[in-house]
Amino acid sequence: MSYRLTGRKSGTVTFLPSTGTILRETITRSSKMTSNAIENGGSIEDHVSLNPEQLQLEGVVVRDHNAFQAKLESMQRNRDLVSYTGKLRVTDYVITNLQIKEEPSNRKGFRFTATLQKANLVAGQYVEIGQTELMSQQDVQNKKTSEEGVRSSQTSSVKETGLKTTVSQQISQSAYTAYVDSYNGKSSSGPLQRKTQSYDGLSERRKA
């Protein structure tokens with residue numbers, strides 16, 4: 001069985017029977033409870049916090065001493081996010097403690113103990129540059145839109161007033177003709193002759 005420890009930056013260390021192996025995998029799950037008094041009837045879980053999960057690896061390397069040691073130290077020094085595949089499988093861990101043990105009986109290799117701790121990763125919100133306008137740019141745009149709306153309203157009001165004035169000043173064709181005829185001596189405001197003869201005051205005297 002092969003064991004593999006992979007770092008995102010540092011690469012992969014593979015433990016094969018010919019090069020080394022993992023002797024022990026120890027996983028630790030713990031929590032921390034407040035030392036203050038808890039009110040009777042209160043929720044206990046509100047006073048207990050979970051500690052990050054830890055995985056301890058104990059292994060031995062029998063060949064390629066320098067290469068293996070350099071990879072393990074690089075993962076720990078660079079705070080690399082690592083994943084481990086063995087009897088247990090974990091991802092997004094960080095090596096918080098690394099011990100290298102040199103032994104006279106293993107001149108080409110070494111023993112090591114590595115403590116890995118789970119990294120609590122959260123997804124942060126972000127916006128790519130150029131995708132969203134700054135607040136100052138939004139304020140300018142809102143002001144411009146507001147001013148354009150006021151000008152549009154005023155223009156519409158003036159146009160409507162102009163149309164109303166034009167309509168109120170229109171006159172009929174017949175009225176205009178009568179108006180022109182009055183200046184040309186063609187006024188027809190009354191009949192030129194009476195239909196019945198007017199009384200002259202002499203008719204009754206003649207009868208008498």
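Helices (H or I, at least four residues) and strands (E, at least two) are DSSP runs, numbered from the N terminus. With that in hand, read the chain from the N terminus on: its elements run β-β-β-β-β-β-α-β-β-β-α-α-α, which gives 4 helices and 9 strands. This is a predicted model, where local features need pLDDT of at least 70, side-chain atom pairs count only at pLDDT 80 or more, and totals for chains, interfaces and linings use all residues. Residues are numbered from 1 along each chain as its sequence is written, and side-chain values use heavy atoms, leaving out hydrogens and water.

Now let's visit helix H1, residues 65-77. Just after H1, Arg79 takes a positive phi of about 50 degrees.

Which residues of H1 are buried? Buried means under 20% relative accessible area, exposed over 50% and partly exposed in between, with a 1.4 Å probe and protein chains only. In H1 they are His65, Phe68, Gln69, Leu72, Ser74 and Met75. They pack against several strands, including S1 (3-7), S2 (11-15) and S6 (54-61); contact here means heavy atoms within 4.5 Å.

Phe68 has a partner. Rings of Phe, Tyr and Trp (its six-membered ring) pair if their centres lie within 6.5 Å; planes under 30 degrees apart count as stacked, over 60 as edge-to-face and the rest as tilted. Phe15 and Phe68 make a tilted pair, 5.6 Å centre to centre with 40 degrees between the planes. Because Phe15 lies in strand S2 and Phe68 in helix H1, the pair ties together parts 53 residues apart in sequence.

Terms used
Expected span 1.5 Å × (residues − 1).
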